[in-house]
Amino acid sequence: MPDISKMANAIRFLALDSILNAGEGHQGVPLGMAEIAATLYARHLKVDPKAPLWPDRDRVVLSNGHGSMLLYALLNLSGYEPISVAALKDFRKLGAICAGHPEIEQHAGIEITTGLLGQGIASAVGMAVAEARLAARFGTGLVDHRTWAFVGDGCLQEGIGQEAISLAGHLGLGKLTFLWDDNQITDDGATALSISEDVPARFRAAGWHVQPVDGHDIEAIDAAIDAAKADPRPSMIACRTVIARGIPRLQGQRGGHSAPLTPQDSTEARAALGWNHPAFVIPDEIRADWATSMDRGAQARAGWTTRLTDHPEADEFRRWHEGCLPDAWSGITEHIAAAALDQTAPRPTILASGDVCDALASDLPETLVLCADLEAPTNHKRGRTAFTATDRNGSYVHCGVREHLMGAMADGIAAHGGLRPVNVTYLAFADYERPAMRMAALMGLPALFVFSHDSIGVGSNGPTHQPVEILASFRAMPNMQVFRPADAVETAEVWQIALETTTGPSLLALSRQPAAPLRRTTDKNLSRKGAYVVSPADGPRVLTLIATGTEVALALAAQGELAKAGIAAAVVSMPCWELFEAQEPAYRAQVLGSVPRIGVEAALRFGWDRWLREGDAFIGMTGFGASAKSEILYDHFGITAARIVETGKVLLGGSDA
């Protein structure tokens, strides 16, 4: 029988030695949660370090990511090859796999990037949803695992934490367990400085199974985990711990969180806990206990592998988990594009997006739509059924008014694998989701963020809901594709591009106001290059009009009026700046031309000077919007075809009369 007490001390001293070697780090979590983590890994966790990407492994999320050495010590001791002792000695160094906060490296056992408190537990909710949905689809013979999250006070104080508690309880995610490091200390000092509520009562009120335990009593922890596994509700185990346990100078104190360690601390901790081994040395018998503890997962994987081989849908299961599109993908996209081409009346691009999403419900069944209480105005449910506490077969999750959580859930679902999350809400609420979207970009997760109400075209809801600055802010985010399609055809095209992208997230900014159909051919996906000439000049080009979204129609209308005045203008639709910037310079020059340019977008100019030169013009917003009907606002702010014509004439040195 493994000696869990010694296994826990192995965690403590690998963490202590690594932090002391690095000269910085957060010792409070790994030293305080050592017994909790060792008990979980020794007696309950289902993983196989020799097959770290096994789809039916348990998922472990270190939500209190500053305590990263807890995770790294666990992975080293469990036998994940990339997390060697040499890797621990590189903790916090440039390029090290053991970064300051965990950064997704699933081949090494790091399931997801964490650090922004609350994001981890919210992502864990997404992972639990993914497990439940996949189990309903393929059966528990292939999908039957749990999600465990190590949780700190900060995770539960962040607002996203309450959103996670609420929805997980509502959905009855019984394979989700939070292990709360209830040490009553934060970076500032005692938790009583800033919080006095009954935290476990919040979980109980949301329908969770809650147990308080001594976080250093191995048998009590073990019994609590057994009870959590037996209960159909999500579980929170409130583990009362001593921060930095084992370091006499710091344990139970504010400095236990991350105060710089000294060699004397190491000496005193070793004496206090009877650890008579040099730095980074783990006795063979303790490493053997850790290896034995991993046999459980190896045996489970062997049985699972046999079941997969015999499963009638083994190939489809593999396709879902490998993130591959179906063999018929080209035919599917051609059908969707043809349907978009049939749209002859002006129609909001959010509805065109709903058309695509609805078509994919059967053709790409691994899509899972998350929506924040906006089913009717975003229109992405249609024929899909809801994923609920009693029916896991649904592919539409009613997230309620919980955008912070919803964005992080998309990350968790994408990181879990097997599903393609589609996050749907209004663009003005993207700032609620920004931390999660940033994390998706940082991790390179293929999440799709679909936003309606993309501009002042929202109309009389007013400036609170008119996102004039948000496009620029997300275009500034590395590894985020931002799409603003002009009509139904471009909307279908950018969906195709987003779903074929596996190295990062995509944002679709879609209109509430009707978008006139512009494209009459779908021979090729023209949006794939980011920008293209949607309407060439009638004669030698003397002016280029560059627009996105519904403003492309304004540019086309202006093109016609300019032609009447003898001015040959070309119109460029630019649905994705990032893709256009990635094209060869010759292509970009061909599209933009060397003539004067006018940029047109119902948003701020910020960023447009990437495409506009000195002397070129921009027609758009200069501040926040106002409350009025869409057409009134466009006229009020001067975003009109007439204004484009007038500006073009001025640029070319002619009269505006």
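Analyst: Ser-78 sits in helix 4, which covers residues 68-78; helices here are DSSP runs of H or I with at least four residues, strands are E runs of at least two, and both are numbered from the N terminus. With a relative accessibility of 6%, Ser-78 counts as buried (buried is under 20% relative accessible area, exposed is over 50%, partly exposed is in between, using a 1.4 Å probe and protein chains only). Which residues does Ser-78 touch, leaving aside its neighbours within four places in sequence? They are Tyr-41, Pro-49, Trp-290 and Met-294, where contact means heavy atoms within 4.5 Å.

A quick word on what you're looking at: this is a predicted model, where local features need pLDDT of at least 70 and side-chain atom pairs count only at pLDDT 80 or more, while totals for chains, interfaces and linings use all residues. Numbering runs from 1 along each chain as its sequence is written, and side-chain values use heavy atoms, with hydrogens and water left out.

One of the partners of Ser-78, Trp-290, falls within helix 12 (284-293). In the loop between helix 11 (263-273) and helix 12 you'll find Phe-280. Its phi is near 65°, a positive value in a residue other than glycine, and Phe-280 is buried at a relative accessible area of 11%. Gln-184 also has a positive phi, near 60°. That one is in the loop between strand 3 (176-182) and strand 4 (185-186), and at 39% relative accessible area Gln-184 is partly exposed.

Now for helix 14 (residues 314-322), whose buried residues are Ala-314, Phe-317, Arg-319 and Trp-320. Helix 6 (119-138) and helix 13 (295-310) are among what covers them. Just past the end of helix 14, Gly-323 takes a positive phi of about 70°. As for cysteines, Cys-324 is partly exposed at 34% relative accessibility, whereas Cys-98 is buried at 0%. The disulfide count comes to 0, taking a disulfide as a pair of cysteine sulfur atoms within 2.5 Å.

Helix 6 has another packing partner, helix 18 (residues 403-416): their axes are 7 Å apart at an angle of about 55°. Axes are lines fitted to C-alpha atoms, for helices over the stretch in contact, and angles run from 0 to 180 degrees between N-to-C directions. That makes helix 6 and helix 18 oblique to each other; under 35 degrees is roughly parallel, over 145 roughly antiparallel, 65 to 115 roughly perpendicular, and the rest oblique. The crossing is right-handed, meaning the near helix is turned clockwise from the far one by less than a right angle, with anticlockwise being left-handed. On the helix 6 side the contact includes Ala-122, Met-127 and Leu-134, and on the helix 18 side Leu-405, Asp-411 and His-416 are among the residues met. By class, this contact has 11 nonpolar, 5 polar and 2 charged residues (Ala, Val, Leu, Ile, Met, Phe, Trp, Tyr, Cys and Pro are nonpolar, Asp, Glu, Lys and Arg charged, and the others, Gly among them, polar).

Finally, helix 16 (residues 349-363) and helix 21 (residues 488-500) have axes that come within 9 Å and cross at roughly 50°. This pair is oblique, and the crossing is right-handed. Helix 16 brings residues including Val-356, Cys-357 and Leu-360, while helix 21 supplies Trp-495 and Leu-499, among others. The contact comprises 8 nonpolar and 3 polar residues, with no charged ones.
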